[in-house]
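Please look at the sequence and the structure shown here before reading on. The report then goes through the parts in turn.

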Amino acid sequence: MDDEPEQEVDGWTAICVDRCVEFADQLISRHQVEPKDIHVEQQLDMRSIGLRTGKADLVLVVSPLCIIVDWKLGFLDQGDADVHEQTPAYAAAACEQFGCTHALVYIYQPRQPKDLRASSA
């Protein structure tokens with residue numbers, strides 16, 4: 001039993017989490033991802049690309065495609081996926097780990113205006 005008091009989530013953060021879940025649900029439906037191929041908080045081995053490890057928020061495997069989602073819940077704009085430093089590393093590691101030949105990486109920023117929330121590379 002955890003002795004620490006539960007932390008309440010403010011309304012704005014709850015909305016952002018809901019937006020992330022909705023985005024994930026849309027991707028799962030669009031790509032017809034099977035439940036066994038949905039990986040949340042997936043540890044990725046990045047040693048083959050010169051890094052230790054990383055953790056992808058969401059990996060969907062629809063072989064030969066890996067779809068990786070990195071939630072950015074902070075208040076500062078993290079830029080687009082095609083110029084973000086993490087996306088190539090996540091793509092390479094996920095493809096190697098799941099035996100895929102192609103990757104699609106999303107940066108999803110639920111605090112941004114709707115037309116700026118999702119970017120892909």
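What follows describes the sheet, the helices, some single residues and the backbone of this model.

## Basis of the report

This is a predicted model, in which local features need pLDDT of at least 70 and side-chain atom pairs count only at pLDDT 80 or more, while totals for chains, interfaces and linings use all residues. Residues are numbered from 1 along each chain as its sequence is written, and side-chain values use heavy atoms, with hydrogens and water left out.

## The sheet

Five strands form an open sheet in the order 1-2-3-4-5, with mixed pairing. Strands (E, at least two residues) and helices (H or I, at least four) are DSSP runs, numbered from the N terminus. Two strands pair if DSSP finds at least two bridges between them. Strand 1 (38–45) and strand 5 (118–120) are at the edges and have a single partner strand each, so one side of each lacks a neighbour in the sheet. On average, neighbouring strands of this sheet are turned by 35 degrees against each other, direction ignored.

Strands of a sheet pair through backbone hydrogen bonds, in a parallel or an antiparallel way. Strand 2 (residues 53–62) and strand 3 (residues 65–71) run antiparallel and are joined by five bridges. These two strands form a hairpin with two residues between them. Leu60 has Ile67 in strand 3 as its bridge partner, and Val59 stands opposite Ile68 in strand 3. On the pairing of strand 3 with strand 4, the sense is parallel and there are seven bridges; here Asp70 stands opposite Ile107 in strand 4.

How many of the seven residues of strand 3 are buried? Six are, so strand 3 is largely enclosed by the rest of the structure. Buried means under 20% relative accessible area, exposed means over 50%, and partly exposed lies in between (1.4 Å probe, protein chains only).

## The helices

Helix 2 lies across strand 1, strand 2, strand 3 and strand 4, and runs at about 100 degrees to strand 1. Axes are lines fitted to C-alpha atoms, for helices over the stretch in contact, and angles run from 0 to 180 degrees between N-to-C directions. Contact means heavy atoms within 4.5 Å.

Thr87 lies in helix 2 and is buried, with a relative accessible area of 6%. Apart from neighbours within four places in sequence, Thr87 is in contact with Ala81, Val105 and Ile107. Ala91 also belongs to helix 2 (residues 86–98) and counts as buried at 16% relative accessibility. Not counting residues up to four places away in sequence, Ala91 touches Ile68, Ala103 and Val105.

Trp12 is in helix 1 (residues 11–31).

Asp37 is in the loop between helix 1 and strand 1. At 17% relative accessibility Asp37 counts as buried, and Asp37 touches Val59, Leu60 and Val61, residues up to four places away in sequence not being counted. Asp37 and Asp70 are 33 residues apart in sequence and 17 Å apart in space, C-alpha to C-alpha.

Ile38 lies in strand 1 and is partly exposed, with a relative accessible area of 28%. Leaving out neighbours within four places in sequence, Ile38 is in contact with Ile28, Val33, Leu58, Val59 and Leu60. Between Ile38 and Val62 there are 9.5 Å in space, C-alpha to C-alpha, and they are 24 residues apart in sequence.

## Backbone details

Most residues other than glycine have a negative phi, and most peptide bonds are trans. Gln32 is not a glycine but has a positive phi of about 50 degrees. Gln32 is in the loop between helix 1 and strand 1 and counts as exposed at 67% relative accessibility. Glu41, also not a glycine, has a positive phi of about 55 degrees. Glu41 is placed in strand 1 and is partly exposed, with a relative accessible area of 43%.

Which two residues does a cis peptide bond join? The bond is between Ser63 and Pro64, with omega at about 15 degrees. Pro64 is in the loop between strand 2 and strand 3.
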